[in-house]
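The entries follow the order in which I made them.

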Amino acid sequence: MKRLIDRLERLLEWGGIKKDIALLALSGAAVLASLAGFSPLPFDMAWVAILLCGTPILLEAFIGLVTAFDIKADVLVSMALIASVCIGEYFAAGEVAFIMQLGALLEEITVARARAGIEKLVRLTPRTARLLEAGGERVVPADQVRVGQVLRVLPGENVPVDGVILSGRTAIDQSVMTGEPLPVDKAPGDQVSSGTVNQFGAFDMRAARVGEDSSIQRMIRLVQSADAGKAKIVSLADRWATWVVVVALAAALLTWLFTGQIIRAVTILVVFCPCALVLATPTAIMAAIGNATRHGFLVKEGDALERLAGVRVVALDKTGTLTHGAPRVVEAVSVCDSLTNEALFRLAAAAEQLSEHPLGKAIRAGWQEQAGGALPAAEEFSMLPGRGVAALVEGRRVLAGNGALLAEQGVDFAPPAAAAACLDRGCTVTYLAVDGAFAGYIALADTLRPDSRETIRRLGQLGVEPVLLTGDGENAARAIAAQLGVADVRAGCLPQDKLTAIGQLEQAGKPVCMLGDGVNDAPALKRARVGIAMGGVGSDIAVEAADIALVNDEVKELPHLIALSRRMMTTIRLNMTFSMAQNFLAIGLAIPGLLGPVVGALVHNAGSVLVIANSALLLRWKRRAR
């Protein structure tokens, strides 16, 4: 029996959406030909629809009953098909089979799952490593590195395994693991993770975790396991199917027993055939998807909007989601009487104009935004990895970097209280010295998107609780949360921490929608009830891990999507209530013989048209602003 079931399931999986459309077109033409009484073949043309559309329904019903005693809408449809054929009502059988498969096609289109992005995550895994041995340096496959071996990492290369820096200073781009917008300075004794990118200086490291135990491999396993743990939604039609089957079958049997007319019993099965019930969900989902598309959302999972309607918590990544994801100058302060704030800013921008460090680029960009104009040349420029830059600008020796740079260059330096306050707010501070004397500082921060505050306010109106999940430090996270009015803040989150937080919220009965943009968000996007990725600034892996992509990065549209999903569920319930009421009314007419199988099929399919029309109203629906 198991072998038979496996063969039947493979048969049902054969082909694709294009094949289904072709079969439906042929079946629809056959049904119309049967209705018109036209048949170029020696049998009723409705048999074409019965065979092409009815056979998969019968197979699905059989597999569900045999493997799990799962009574779905297919069971009632199968009974109606068999009964109609038995009494010679071929048109009714073919027409019902055609309508049911049309609904199945709509559902297949909307539920088609996007391909997982795990293969792209795998591409981030370093392929080779520079192994240092007594005879010199040798390039080996990264998966052959053993714990304790010494490796060298050059600028621009991925860190091959997890380990500890032995010598050298650099800045590491850790966004793949933490989502932090800025590279992190590293020195001997600091830990580095596989998959992160060495930005500037070369360094030697000792391998600590290798192979399957490395950070990037653990993230791949997290993404794979997160999707398996996501709750699957069962369609409302299938949830109601058991009771529909019981009621329809009981009514048909009782009618046959009391009237002795099997045609009346068959009519009951035909009119109770859940065509409108099955169409209620996919048509509403397709219309809602069309609405969402106009607001910048690409819905990749057909049941994502159904899941979104039940969400009570939105977990938000900070960097690139609520903020721009790039540092911007927020303050330029001179402590030197001979230099104004603007003059100090100009010298810093000139000194940084040859720098490739993100902070240096941000200082240059900030100067162009605020003042503009040509900058003087930076002579004798040197970049000191993990420290900053030094340059000669208009005959003045300029240092721009962290406190360690100024201390190493012999600058008498004491950070002012205002700079310390900037650090407390989560800013990054670049200190400046001119001609050997401390001259001031420039504060940079990742700034909020213009609509982030309004988005949080509107989420609150919908009764949705915002939670900030970020890999950034506590100070930066708290500063952003205070501006947004978010009470629940969880900072310093690695991918597994975000995964754990979402699991805890789900276990507490709070279905979660995760909104993120980075590779480090991919496991959480998979695990959440609904994952939404920033499609513009987000990584490919995050987009493919999510159920929905926000193509234009307009976070302000999120409340509309949640409200739309709830409206969609209301529409589905209205559709189903109408279809069931119509079916019971039709039964009342079929029992005394006022409704025959063919007319009954046409009547209940008129209800299907009304269901589709009601669903179409979602295409233009928009929540009223408050």
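**Entry 1: a serine**

I began with serine 452, which touches Leu322 and Leu484 once residues up to four places away in sequence are set aside. This is a predicted model. Serine 452 sits in helix α18. I looked up its accessibility next. Serine 452 has a relative accessible area of 0%, so I logged it as buried.

**Entry 2: the helix pair**

I stayed with α18. Two packed helices are described by the angle between their axes and the distance between the axes. I looked up both values for α18, residues 452-461, and α23, residues 558-590. The two axes come within 9 Å and cross at roughly 20°. Angles under 35 degrees count as roughly parallel. I therefore noted α18 and α23 as roughly parallel to each other.

Which residues make the contact between α18 and α23? From α18 I listed Thr455, Arg458 and Leu459. From α23 I listed Leu558, Pro559, His560 and Ile562. I then sorted the contact of α18 with α23 by class: 4 residues are nonpolar, 2 are polar and 1 is charged.

**Entry 3: two histidines**

His560 belongs to the α23 side of that contact, and I followed it to another histidine. The side chains of histidine 295 and histidine 560 are joined by a polar contact of 3.3 Å. Where is histidine 295 found? I placed histidine 295 in the loop between α11 (275-294) and β10 (297-299). Is histidine 295 buried or exposed? Its relative accessible area is 13%. Buried means under 20%, so histidine 295 is buried.

The C-alpha atoms of arginine 624 and histidine 560 are separated by 9.6 Å. Along the chain these two residues are 64 residues apart. Arginine 624 has a relative accessible area of 76% and is therefore exposed.

**Entry 4: a valine with contacts on both helices**

I turned to valine 314, in strand β11 (residues 313-316). Its relative accessible area is 0%, so valine 314 is buried. I listed its contacts, leaving aside neighbours within four places in sequence. Among them are Leu459, Leu558 and Ile562.

I looked up one C-alpha distance here. Valine 314 and valine 512 are separated by 5.7 Å, C-alpha to C-alpha. They are 198 residues apart along the chain.

**Entry 5: two positive phi angles**

Most residues other than glycine have a negative phi, and most peptide bonds are trans. I noted two residues with a positive phi. Glutamate 380 has a phi of about 50° although it is not a glycine. It lies in strand β13, residues 378-384. With a relative accessible area of 52%, glutamate 380 is exposed; the cut-off for exposed is over 50%.

Aspartate 435 has a positive phi of about 55°, and it is not a glycine either. I found aspartate 435 in the loop between β16 (428-434) and β17 (437-448). At 45% relative accessibility, aspartate 435 counts as partly exposed.

**Entry 6: two more C-alpha pairs**

I looked up threonine 281, in helix α11. At 7% relative accessibility, threonine 281 counts as buried. Threonine 281 and isoleucine 612 are 331 residues apart in sequence. In space, their C-alpha atoms are 9.7 Å apart.

I then went to alanine 49, in helix α3 (residues 46-68). Its relative accessibility is 0%, so alanine 49 counts as buried. Alanine 49 and alanine 97 are 48 residues apart in sequence and 6.8 Å apart in space, C-alpha to C-alpha.

**Entry 7: the whole protein**

The protein has 626 residues, and 52% of them count as buried. I took contacts between residues at least 6 apart in sequence: 69% of these join residues at least 24 apart. The accessible surface comes to about 26,800 Å². Carbon and sulfur atoms account for 58% of that surface.

Key
Residues numbered from 1 in each chain as written. Predicted model: local features only at pLDDT ≥ 70, side-chain atom pairs only at ≥ 80, totals over all residues. Heavy atoms only, no water. Helix = DSSP H or I, 4+ residues; strand = E, 2+ residues; numbered from the N terminus. Buried < 20%, exposed > 50% of the residue type's maximum accessible area, 1.4 Å probe, protein only. Polar contact = N/O pair within 3.5 Å; in protein donor to acceptor, adjacent residues only side chain to side chain. Axes fitted to C-alpha atoms, helices over the stretch in contact; angles between N-to-C directions. Parallel < 35°, antiparallel > 145°, perpendicular 65-115°, else oblique. Contact = heavy atoms within 4.5 Å. Nonpolar A, V, L, I, M, F, W, Y, C, P; charged D, E, K, R; others polar. Areas by Shrake-Rupley, 256 points an atom, 1.4 Å probe, with all protein chains shown as cover.
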